Amino acid sequence: MKFHSRRSKALLAVVGLAMIFLLGMGAERIITRAERSASSDSIFPQANAQDYGAVDIPTVVEQAAPAVVNIQKKSVTVVSRQMPPIFQDPFFRRFFGDQMPQNAPRERIERSLGSGIIVSGDGYILTNNHVISDATELIVTLPDNREFNAKLIGTDERTEVAVIKIDAKDLPFVRLGESSKLRLGETVLAIGYPFGVGLSVTQGIVSALGRTITGAESRGLFVDFIQTDAAINPGNSGGALINTRGELIGINTMIFSN
């Protein structure tokens, strides 16, 4: 694991993660399991089934959706600029000398979008490692359109999880559930920002547990995945997979399709 502060160890310790498959509409989608920490002093509030009671799906969404955020990553890469071969001809260099264009590196700014889940009222957010990797700037947009610059707290490449933080208070947050208690056929909801078009909610079931991916272990990845048929699209990465009590039991991580 890579940690950027002593506190980040406590943050990532609450997410004993595993990863999972998703299958539906001809595509397999992978999600990261969020396990509840056994630590009693976790900064993340833990879920209690009695906190929610018997509620309908729209009510669950109304409770959880305000805590799912859009994450914009800006990264800067250095690329070589190649001049057309004609400018490298000695004839042109004889007449233009130092005024000739030169092959020189230049910076290229790349932007990408993903999702995240607020898990504490003071601004700690869980997301995927690949959503924030190599970022020079992270901008978090809340459902109410407020924007914040975020700082990286910690990452774990093996489980594809990262923790970031925004400077805010009294935020809505999603409570952590226990993915180890998931049952086949259980209803789940995926919430995120696919294609950057805005907040989106889809419904499905837990199709399988304990899935793996060929070659994952050799690449140093955790290999315990949940499979669901809830529709997930690009931009959903880092978003929430919740149960019908509104508890976070997974992080949308990957899409497999032909």
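Predicted model: local features only at pLDDT ≥ 70, side-chain atom pairs only at ≥ 80, totals over all residues.
The hairpin of S9 and S10 has four residues between the strands, with Glu-160 at a positive phi near 65 degrees.

Thr-141 belongs to S8. It is buried because its relative accessible area is 17%, and the cut-off for that label is under 20%. Setting aside residues up to four places away in sequence, Thr-141 touches Val-69, Asn-70, Arg-146, Glu-147 and Tyr-193.

Next comes Leu-142, in the loop between S8 and S9. Is Leu-142 buried or exposed? Leu-142 counts as buried, because its relative accessible area is 4%. Apart from neighbours within four places in sequence, its contacts are Val-69, Ile-118, Phe-148, Ile-166, Leu-171 and Tyr-193. Leu-142 and Asn-70 are 72 residues apart in sequence, yet their C-alpha atoms are 6.6 Å apart.

## The nonpolar cores

Which residues touch the most other members of the largest nonpolar core? They are Val-140 and Ile-166, in a core of 38 residues. Strand S10 (residues 161-166) supplies the largest share of this core, with five residues. Val-140 is in contact with Ile-166 itself, and also with Val-69, Asn-70, Ile-71, Ile-125, Arg-146, Glu-147, Phe-148, Ala-150 and Ile-164, leaving aside neighbours within four places in sequence.

There is also a second, separate core, made of nine residues, among them Leu-182, Val-206, Ile-226 and Ile-249. As background, nonpolar side chains tend to be buried together in soluble globular proteins.

## Helix H2

Helix H2 (residues 57-64) contains Val-60, which counts as buried because its relative accessibility is 0%.

The buried residues in H2 are Val-60, Val-61 and Ala-64. Looking down the axis of H2, these buried residues fall within an arc of 100 degrees, so they line one face of the helix. An α-helix has 3.6 residues a turn, so residues three or four places apart point the same way.

## Aromatic rings

What does the tally of aromatic pairs come to? The count is zero. A charge does sit over one ring, though: Lys-165 lies over the face of Tyr-124, at 5.3 Å from the ring centre.

## The chain as a whole

Stepping back, the protein chain has four helices and 15 strands. Of its 258 residues, 47% are buried. Among contacts between residues at least 6 apart in sequence, 69% join residues at least 24 apart.

Technical notes:
Residues numbered from 1 in each chain as written. Heavy atoms only, no water. Core = buried A, V, L, I, M, F, W, Y, C linked by side-chain atoms within 4.5 Å. Buried < 20%, exposed > 50% of the residue type's maximum accessible area, 1.4 Å probe, protein only. Helix = DSSP H or I, 4+ residues; strand = E, 2+ residues; numbered from the N terminus. Contact = heavy atoms within 4.5 Å. Phe/Tyr/Trp six-rings, centres within 6.5 Å; stacked < 30°, edge-to-face > 60°. Lys NZ or Arg CZ within 6 Å of the ring centre and 35° of its normal. Arc of directions from axis to C-beta. Pairing = 2+ DSSP bridges.
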